[in-house]
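User: I would like to go through the labels used for this model. Please set each value against its cut-off.

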Amino acid sequence: MNPFIELGIRHDIVNAITELGFENPTPIQEQSIPVLLTGSNDFVGLAQTGTGKTAAFGLPLLELINFEENYPQALVLCPTRELCLQITNDIKNYAKNMNSVHVVAVYGGASISDQLRQIKRGVQIVVATPGRMLDIINRKAIDFSQVKYVVLDEADEMLNMGFQEDIDSILSTTPENKKTWLFSATMPSEVRRIAKKYMTDPHELTMGEKNTGNENIDHEYYVVRARDKYAAFKRIVDFNPEIFGIVFCRTKIETQDIAEALIKDGYNADSLHGDLSQQQRDKVMKRYRDRSLQLLIATDVAARGIDVNDVTHVINYSLPDEIENYTHRSGRTARAGKTGVSIAIINSKELGKIRQIERVIGKKFVKAEIPTGFDVCEKQLFALVHKVHNVQVNEQQIEQYLPRIIDEFKELSKEEIIKRFASLEFNSFLEYYKNAPDLNASVDENRRDGGERFGRDGMKSEYTRLFINLGSVDEFNRGDLLGYICNNTKISGRTVGKIDVKGVYSFFEVQNADVEQVMNGFKEVDFKGRNVRIEISGEGTSSTRRSGGGGGYNKREGGGYNRERSGNRREGGYNREKSNSGGGFRDFSGKRREERPERRRRF
Ligand code: AMP
């Protein structure tokens with residue numbers, strides 16, 4: 001039997017949702033539908049966006065409402081116009097095979113007279129944002145005296161947006177004995193308070209741990225110097241050729257600046273922020289949904305309620321001021337059971353904030369390294385190869401040119417032709433990236449105010465640099481190596497200093513007091529049949545490191561990249577990397593993008 005039928009949903013609804021691809025209920029649907037179908041409980045569901053909560057309350061509403069009667073029986077309040085339209089649409093889709101179901105969307109920024117007209121015609125389910133709803137109530141244009149169910153969706157967001165008073169006023173027009181169902185991604189004390197205020201003995205459902213982010217999201221952070229942020233961001237994007245992302249900034253200005261810089265650099269990007277008219281916002285969102293935009297640069301407020309499936313990356317270009325907002329941002333990816341990555345690009349002073357976020361989401365971030373120029377080239381090259389492999393050939397169109405093309409290539413072997421096709425783009429990647437600097441800033445989590453490093457005893461520490469005969473060819477990056485060292489030696493990761501992963505070997509620093517333990521720990525350790533060798537490195541023996549004043553700690557062997565950058569880099573100088581190279585960043589053809597605007601990437 002269809003599992004939704006088993007949950008108590010009728011056939012005509014099940015048929016409609018099957019068409020939408022709902023084969024099995026999501027966990028929240030499985031657990032909430034039977035409770036809500038009784039119609040006799042208040043309900044609190046702690047669930048992230050993208051978990052299927054619209055159907056979790058939408059399907060029971062369709063079962064419980066008497067559609068032979070034409071007055072408001074259910075009111076769904078949600079924070080944004082986007083979400084309001086989404087919920088309305090979803091419910092209409094679930095009810096596709098039912099008769100006389102009238103759902104109306106009530107939200108600001110659109111003609112109120114249309115909405116009033118729809119309400120006048122008769123409606124059973126009202127989906128609304130609080131501001132416009134209150135406006136309509138104040139005009140005495142709707143009667144909520146017979147409402148049976150109120151849904152507060154994304155309650156935390158509504159409170160964040162300052163809708164508390166509006167919600168109070170709206171709910172005061174609904175009957176005492178209605179049932180209230182509250183959904184929230186997080187449960188700050190304000191939400192607890194409204195749950196207490198409006199509900200009696202609610203049935204509580206927590207999907208996963210409280211305040212825990214979606215399990216399918218990987219969280220990564222990159223540490224860069226402030227002046228390298230934009231270049232680092234672009235490199236991350238370039239390293240992910242298939243990225244379909246939302247980039248969060250803190251302010252409208254920043255949003256606009258980044259979007260403009262990206263557009264100049266040949267990316268498919270646009271900004272979404274509060275200064276745009278509703279029409280402009282709709283246009284941007286349409287382009288993003290249609291995937292003719294690859295990167296949506298948004299403020300928190302503008303991006304609220306955005307429900308686009310298949311977002312691969314959320315990038316926190318700036319961390320949110322409110323930690324809770326991180327959950328909302330990252331929840332834009334990994335929707336409907338998919339996986340996604342949430343990235344934070346930070347400077348070393350913001351590490352504390354990452355630790356705070358980790359506590360809120362109950363999940364650890366992985367420290368990632370900004371890819372090298374070569375890494376990006378390699379990634380882009382293979383993306384190109386895959387694209388060539390999978391391209392849809394228009395047989396009819398190409399046929400007439402084929403003889404001439406084949407004639408052109410007749411001297412060349414298959415291997416030569418492949419090499420040339422690949423080089424066509426690869427040469428320009430290499431050209432662009434040949435002097436690409438390392439953008440990773442060193443991080444020292446033990447650092448205190450003065451920038452000195454302290455050991456477990458709180459005293460200044462002396463460090464010894466050790467050599468290990470494992471490196472990137474053994475598929476170690478800094479994080480892996482740190483884990484490997486700690487596992488084998490049982491020293492704390494916090495006491496390990498700089499790690500420098502090379503090809504077949506690496507260097508890492510440990511406190512002098514730990515050297516013996518590390519040497520002993522690796523005695524007789526074998527990695528894939530090879531003895532692991534640790535030696536005290538000849539260069540840079542023990543020292544007390546001070547990082548204040550840009551001391552040696554930030555410099556790498558063979559460094560000099562700071563010099564190359566000369567002192568004239570503007571902080572946040574978005575176009576620097578582009579102007580250094582003298583070419584449009586995305587335009588790997590070697591020609592300036594301005595000459596070839598059609599080369600902007602589309603999916
Ligand atoms: P929501 O959390 O309601 O915004 O849902 C997130 C996405 O998951 C939407 O695109 C839904 O269409 C989809 N979805 C919801 N329930 C199911 C299900 N049972 N099976 C497959 N997809 C679903």
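User: What should I know about the source?

Analyst: This is a predicted model: local features need pLDDT of at least 70, side-chain atom pairs count only at pLDDT 80 or more, and totals for chains, interfaces and linings use all residues. Residues are numbered from 1 along each chain as its sequence is written, and side-chain values use heavy atoms, with hydrogens and water left out.

User: How many helices and strands does the chain have?

Analyst: The chain has 24 helices and 20 strands. Helices (H or I, at least four residues) and strands (E, at least two) are DSSP runs, numbered from the N terminus.

User: Why is Ser 506 called buried?

Analyst: Its relative accessibility is 0%. Buried means under 20% relative accessible area, exposed over 50%, and partly exposed in between (1.4 Å probe, protein chains only). Ser 506 therefore counts as buried. Ser 506 sits in strand S17 (residues 506–511). Across the chain, buried residues make up 51% of the 603 residues.

User: What does the side chain of Ser 506 reach?

Analyst: The backbone oxygen of Leu 470, at 2.7 Å. A polar contact is a pair of N or O atoms within 3.5 Å; within protein, one must be able to donate a hydrogen and the other to accept it, and residues adjacent in sequence count only if both atoms are side-chain atoms. Leaving aside neighbours within four places in sequence, Ser 506 is in contact (heavy atoms within 4.5 Å) with residues including Phe 467, Leu 481 and Asp 500.

User: Why does Ser 318 count as buried?

Analyst: Ser 318 has 4% relative accessibility, so it counts as buried. Its place is in the loop between strand S12 (313–316) and helix H15 (324–330). The side chain of Ser 318 makes a polar contact with the side chain of Glu 254, at 2.9 Å.

User: Why is Asp 201 called exposed?

Analyst: Asp 201 counts as exposed because its relative accessibility is 71%. Asp 201 lies in the loop between helix H10 (189–198) and strand S7 (203–206).

User: What makes the phi of Asp 201 worth a remark?

Analyst: Asp 201 has a positive phi of about 45° although it is not a glycine. Most residues other than glycine have a negative phi. Arg 291 also has a positive phi, about 70°, and is not a glycine.

User: Why is Arg 291 called partly exposed?

Analyst: The relative accessible area of Arg 291 is 26%, so partly exposed is the label. Arg 291 is in the loop between H13 and strand S11 (295–298). Arg 289 is found in helix H13 (residues 278–289). At 35% relative accessibility, Arg 289 counts as partly exposed.

User: Which residues come nearest to the ligand?

Analyst: Of the 16 residues around the ligand, Asn 24, Gln 29, Gly 50, Gly 52 and Thr 54 come nearest. A residue is near a molecule if one of its heavy atoms lies within 4 Å of it.

User: How do you know that Thr 54 has a polar atom by the ligand?

Analyst: A polar side-chain atom of Thr 54 lies 2.6 Å from an oxygen atom of the ligand. A polar backbone atom of Gly 52 is 2.7 Å from a ligand oxygen atom. A backbone N or O atom of Asn 24 lies 2.8 Å from a ligand nitrogen atom.

User: How much of the ligand does the protein bury?

Analyst: Taken alone the ligand exposes 490 Å², and the protein buries 82% of that. Areas come from the Shrake-Rupley method with a 1.4 Å probe; for residues, only the protein chains shown count as cover.
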